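Welcome, and thanks for taking a look at this one with me. Please have the sequence and the 3D view open side by side as you read.

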Amino acid sequence: MTPPQATATVAPRGLKNLLVADTQIGDVRGEEGFYHYRQYSAIELCEKRTLEDVWYLMLEGRLPSLAERETFIKETAPLREIPPDVAEALPVIAHGGDRFIPLDALRTAVSLTAYTLDFKPVLDCDAQTLRANALHLCALTPTLLTALYRLNRGERPVPPHPKLPYGANYLYMLTGAEPEPRHARAIEQYLTSTIDHGFNASTFTARVITSTGADVGAAITGAIGALSGPLHGGAPSRALEMLDLIGDPDNADAWIRDAVRHGKRIMGFGHRVYRTEDPRAIMLRRVAEELGGDIVEFAERVERTVVDVLAELKPGRRIYTNVEFYAGVVMELCGIPRRMFTPTFASSRVIGWCAHVLEQASDNVLIRPSARYTGPPPPQPIPDPA
Ligand SMILES: CC(C)(COP(=O)(O)OP(=O)(O)OC[C@H]1O[C@@H](n2cnc3c(N)ncnc32)[C@H](O)[C@@H]1OP(=O)(O)O)[C@@H](O)C(=O)NCCC(=O)NCCS
């Protein structure tokens, strides 16, 4: 019999550049520096629409009318409330380890929520139930995250504000104060820009889990797990830490040369897909400039220096600013604590994951590749226990 390996196609390492699915949700064009949600430029959506509109677009496949927007807001607002059984367990999760890791705590709370709310396997659900489960997790995630953060600090969770939209409500639940409109809008634009970004590792994870027929909670829990890895979720806080270490713009050139010569990566620069400026970095630079402040001028000077030094020391690599550099600056200016930077990103990425879960479920096939066995040739004689 022919071994299966002989007929299988060998995929590139890391599945790089391998097309593994059809999707109508969006894509990234690295050479152009462009990405889109459905048929619209994601950046244009960030500039012209609310987060709720884009959330609707991702789940429903089209932008809402004004009336549909209102209905959607009314439908999702109550879903932000933490179910009582979950609320009871949150203090335990918030103090579960020696160190509080917000994404790990969120992963646990999302899993508990899906379990408590009795989410059924995707395979046994109709489209309406699946949509309801997905909507619920999207609406609840920011509340869970901010509640866990506050509980860990010994503060009472701030319940969602019934009148505030998504971005403003996020800052409100985190800090307990109604944010300035310019901060609310800046965070809304950031959150909208991170809803989806091609077939990245966490999105793929969500689709693989969905393909097994497991419930939406399992898919989102797994996706958060994938995002928590530093190679994926990155660390926008590291870009700010670098600014702290540089200290003064006049030190930037020497600091960066020294770092690159010692084989270090400059945080907030370079991207696996973009070979030009990351469009999210361009938008967030503009958002940061609108917010203003010394840190923005400093960041811009450092950015110019990094790009010039990397062009000189790494010729031909085309390394430019990525989303994380200005994301850190914007979040800092809006009062988000550094340890909440990556979790904040996760709180809106849930919308993208859920859109992919629904798409996968709507035309499902079990995702089950093969691996080439490279160990000693089987079957070897089984040794007797020594
Ligand atoms: C994001 C990242 C992993 C993408 O890397 P990639 O496209 O796979 O590129 P490679 O790792 O193959 O690097 C290609 C070359 O550019 C260099 N390079 C890439 N990004 C760099 C950076 N930020 N600082 C210094 N050098 C960098 C590499 O050292 C390598 O140089 P070499 O060819 O002399 O070995 C990488 O750019 C990086 O580590 N950036 C810093 C961390 C960061 O900001 N992460 C958030 C991403 S959104």
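The expected span of a helix is 1.5 Å times one less than its number of residues. With that in hand, let us turn to the model, which is a predicted one.

**Helix α7**

How far does helix α7 reach from its first C-alpha to its last? The helix covers residues 127–152, 26 residues in total, and its ends are 37 Å apart, close to the 38 Å expected at 1.5 Å a residue. Even so, α7 bends by about 35 degrees at L140. A proline, P142, follows within four residues of that bend. Just after α7 comes G154, where phi is positive at about 80 degrees.

**The ligand and its shell**

Now to the ligand, which is surrounded by 16 residues. I266, G268, F269, K314 and R317 are the closest of them.

| Residue | Protein atom | Ligand atom | Distance |
|---|---|---|---|
| R265 | polar side-chain atom | oxygen | 3.0 Å |
| G268 | backbone N or O | oxygen | 2.7 Å |
| F269 | backbone N or O | nitrogen | 2.8 Å |

On its own, the ligand has 860 Å² of accessible area, and the protein covers 69% of it.

**Backbone points to check**

Most residues other than glycine have a negative phi, and most peptide bonds are trans. Against that background, a few places are worth a visit.

Start with N17, in the loop between α1 (4–7) and β1 (26–29). N17 is not a glycine, yet its phi is positive, at about 60 degrees. Is N17 buried or exposed? It counts as exposed because its relative accessibility is 78%, and the cut-off for exposed is over 50%.

D118 sits in the loop between α6 (102–116) and α7. D118 also has a positive phi of about 60 degrees without being a glycine. Its relative accessibility is 48%, so D118 counts as partly exposed.

Which two residues does a cis peptide bond join? They are P378 and P379, with omega at about -5 degrees. P379 lies in the segment after α18 (341–362).

Conventions. Residues are numbered from 1 along each chain as its sequence is written. This is a predicted model: local features need pLDDT of at least 70, side-chain atom pairs count only at pLDDT 80 or more; totals for chains, interfaces and linings use all residues. Side-chain values use heavy atoms; hydrogens and water are left out. A residue is near a molecule or strand if one of its heavy atoms lies within 4 Å of it. A polar contact is a pair of N or O atoms within 3.5 Å; within protein, one must be able to donate a hydrogen and the other to accept it, and residues adjacent in sequence count only if both atoms are side-chain atoms. Accessible areas come from the Shrake-Rupley method with a 1.4 Å probe; for residues, only the protein chains shown count as cover. Helices (H or I, at least four residues) and strands (E, at least two) are DSSP runs, numbered from the N terminus. The bend at a residue is the angle between axes fitted to the seven residues ending there and the seven starting there. Buried means under 20% relative accessible area, exposed over 50%, partly exposed in between (1.4 Å probe, protein chains only).
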